[in-house]
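Reader: I am new to reading structures. Can we go through this one step by step?

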Amino acid sequence: MNTLLLDRTTWDLLPDASGNMAVATGSYAICQNVASAIRVFAGECYYNTGIGLPYRQHILARTQAAPVFRLQAEQAASAVAGVAAARCVLTGFGANRQLSGAIVVSTTSGDVQHVGF
């Protein structure tokens, strides 16, 4: 599976050496798609309003149990093509309410990768 390569800092498209849109492949493409899936707000994608996490409705500015967020992130990651299994590992919750952790992704080709957030 291929996907357009995104800059890790700006999450914007990148050109390749020839000036064309760069493409990500293999496990990196799957991990990038997982990262995108857990960043999407529910209803945000105009081409598929049924995907995304309920950030506005249940996550931001509300108290939500960590296990509920973990389950939602795992479901979003598991829906990505090429993902055989996904496990959300929460590593911290800062004073500014910033959640940190990773999604441990097992691909259908047998690779295990970590997608941080």
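Reader: Which residues touch the most other members in the largest nonpolar core?

Author: Keep in mind that this is a predicted model. In general, nonpolar side chains tend to be buried together in soluble globular proteins. Here the largest nonpolar core has 20 residues. Those that touch the most other members are Val34, Val83, Ile103, Val105 and Val115.

Reader: Which element supplies the largest share of this core?

Author: Several elements contribute. At least two residues each come from α1, α2, α3 (66-78), β3 (83-93) and β4 (99-107). The largest share is 6 residues, and its source is α1.

Reader: What does Val34 touch, leaving out residues up to four places away in sequence?

Author: Val34 is among the residues with the most core neighbours. With close sequence neighbours left out, its partners include Ala77 and Val80.

Reader: In what pattern do helices and strands follow along the sequence?

Author: Start with the count. The protein chain has 3 helices and 5 strands. Read along the sequence, their pattern is β-β-α-α-α-β-β-β.

Reader: How does the radius of gyration of the protein chain agree with that of a compact globule?

Author: The chain has 117 residues.

Reader: How many residues apart are Phe41 and Tyr55, and where do they sit?

Author: Phe41 is in the loop between α1 (26-39) and α2 (55-59). Tyr55 belongs to helix α2. The pair links distant parts of the chain, and the separation is 14 residues.

Reader: Is Tyr55 buried or exposed?

Author: Buried means under 20% relative accessible area. Phe41, at 23%, therefore counts as partly exposed. Tyr55 has 14%, so Tyr55 is buried.

Reader: Which residue lies over the face of Trp11?

Author: Look at the ring of Trp11. A side chain sits over its face, at 3.9 Å from the ring centre. That residue is Arg39.

Note on methods
Residues are numbered from 1 along each chain as its sequence is written. This is a predicted model: local features need pLDDT of at least 70, side-chain atom pairs count only at pLDDT 80 or more; totals for chains, interfaces and linings use all residues. Side-chain values use heavy atoms; hydrogens and water are left out. Helices (H or I, at least four residues) and strands (E, at least two) are DSSP runs, numbered from the N terminus. Buried means under 20% relative accessible area, exposed over 50%, partly exposed in between (1.4 Å probe, protein chains only). A charge sits over a ring if NZ of Lys or CZ of Arg is within 6 Å of the ring centre and within 35 degrees of the ring normal. A nonpolar core is a set of buried Ala, Val, Leu, Ile, Met, Phe, Trp, Tyr and Cys residues joined through side-chain atoms within 4.5 Å. Contact means heavy atoms within 4.5 Å. The radius of gyration is taken over C-alpha atoms; the globule rule is 2.2 Å times the number of residues to the power 0.38.
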